[in-house]
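Welcome, and thanks for taking a look at this protein with us. Please have the sequence and the structure to hand as you read.

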Amino acid sequence: MKLTVLGCHSPFPAADGATPGYLLEVDGKRILIDCGSGTLSKLARYIRPYEVDVVLLSHLHHDHISDFFVLQYAIMISHIQKNRQHPLPVWTPDQPSHWYAPLSYGSYIEKHIIRQGQVVSLSDRVTVTFYRTQHSIPCYAMKIQDGKHTLLYGADAGPQTDWESMGKDPDLLICEASYLHRDLPPEEKGHCSAQMAGQVAEKIGAKRLLLTHLYPDYAPEDLRSEASGQFSRETMVAHSGLTIHL
């Protein structure tokens with residue numbers, strides 16, 4: 001597995017940054033996980049947009065899907081220019097319905113609805129399992145496995161998310177750190193702090209932790225320090241262009 005961070009900020013990108021999006025290359029597949037603002041320009045550094053094999057959208061908030069509506073144009077044009085012959089599969093929640101509907105784009109996009117506990121085969125060796133998280137709208141963490149390694153992408157997940165149901169000992173946990181803990185609202189139900197991300201990683205025995213979904217004005221070292229105070233293994237802070245091999 002090779003993971004490249006395209007974007008990691010939220011709720012808006014920093015200068016020269018992008019909101020959440022990740023390119024996962026595994027078993028000959030190029031998988032785009034979320035597609036936030038600015039991610040397509042970052043993606044173009046590595047592959048052509050029409051070379052994406054499948055898109056996985058964790059949930060339908062703007063910071064995770066805004067560039068998908070531009071990707072639709074790229075896929076359409078690739079068909080016209082005969083660079084691509086098949087529609088682009090996208091796995092997505094179907095709520096809110098007013099954002100699910102426009103994910104369609106003629107015959108160029110093939111939508112599939114995510115359900116809790118669903119297991120999808122992306123190739124002969126690669127599977128993704130979806131788990132509902134605690135968030136303000138339907139949102140799904142993703143456990144991606146290739147028979148040797150496990151990547152757990154937590155998406156947006158509040159403190160009551162049932163992490164232990166997703167299994168133990170992932171090789172990499174990608175967990176949101178939307179806040180420094182001092183800034184966590186008293187009744188936050190849809191997001192985690194860096195401290196909480198470290199606690200989650202320790203609880204499930206993650207081998208490495210990648211902090212993401214970062215407020216642009218936070219210093220990365222402050223986030224890393226807060227999480228690593230709770231997690232005994234390697235803690236990394238996401239940035240566009242970061243590549244991790246599993």
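Below is a short tour, from the overall fold to single residues.

**The whole chain**

Keep in mind that this is a predicted model. The protein contains six helices and 14 strands. Its radius of gyration is 17 Å, close to the 18 Å that the globule rule gives for 246 residues, so the protein is as compact as a globular protein of that length. Of the 246 residues, 56% are buried.

The UniProt record, an unreviewed entry, places the feature "domain: Metallo-beta-lactamase" at residues 18-191. In the model, that span is 15% helix and 29% strand, and its end C-alpha atoms lie 19 Å apart.

**Helix H3 and what follows it**

Helix H3 takes in residues 68-80, which makes 13 residues. From its first C-alpha to its last, H3 reaches 19 Å, close to the 18 Å expected at 1.5 Å a residue. Which residues of H3 are buried? They are Phe68, Phe69, Leu71, Gln72, Ile75, Ser78 and His79. These residues cover an arc of only 160° around the axis, which means that they sit on the same side of H3.

Just after H3 comes Lys82, with a positive phi of about 65°. Lys82 belongs to the loop between H3 and E5.

**Aromatic contacts**

A pair of aromatic rings is described by the distance of the centres and the angle of the planes. In this model the count comes to seven aromatic pairs. One of them is formed by Phe69 and Trp99, a tilted pair with 6.1 Å centre to centre and 50° between the planes. This pair links distant parts of the chain, since Phe69 is in helix H3 and Trp99 is in helix H4 (residues 97-100), 30 residues apart. Phe69 is among the buried residues of H3, whereas Trp99 counts as partly exposed because its relative accessibility is 28%.

Elsewhere, Phe12, Tyr215 and Tyr218 form one aromatic cluster. An aromatic ring also meets a charge: the charged end of Lys111 sits over the ring of Tyr100, 3.6 Å from the ring centre.

**Backbone details**

| Site | Backbone feature | Value |
|---|---|---|
| Ser10 to Pro11 | cis peptide bond | omega near 5° |
| Gln95 to Pro96 | cis peptide bond | omega about -5° |
| Asp34 | positive phi, not glycine | phi near 60° |
| Lys82 | positive phi, not glycine | phi near 65° |

Where do the two prolines lie? Pro11 is in the loop between strand E1 (2-7) and strand E2 (21-26). Pro96 is in the loop between strand E5 (88-92) and H4.

Is Asp34 buried or exposed? Asp34 is part of strand E3 (residues 29-35), and it counts as buried because its relative accessible area is 0%, under the 20% cut-off. Lys82 is exposed, because its relative accessible area of 68% is over the 50% cut-off. Thus a positive phi turns up both in a buried strand residue, Asp34, and in an exposed loop residue, Lys82.

Key: Residues numbered from 1 in each chain as written. Predicted model: local features only at pLDDT ≥ 70, side-chain atom pairs only at ≥ 80, totals over all residues. Heavy atoms only, no water. Helix = DSSP H or I, 4+ residues; strand = E, 2+ residues; numbered from the N terminus. Expected span 1.5 Å × (residues − 1). Buried < 20%, exposed > 50% of the residue type's maximum accessible area, 1.4 Å probe, protein only. Arc of directions from axis to C-beta. Phe/Tyr/Trp six-rings, centres within 6.5 Å; stacked < 30°, edge-to-face > 60°. Lys NZ or Arg CZ within 6 Å of the ring centre and 35° of its normal. UniProt positions renumbered as here; feature names shortened; annotations may be inferred. Rg over C-alpha atoms; globule rule 2.2 N^0.38 Å.
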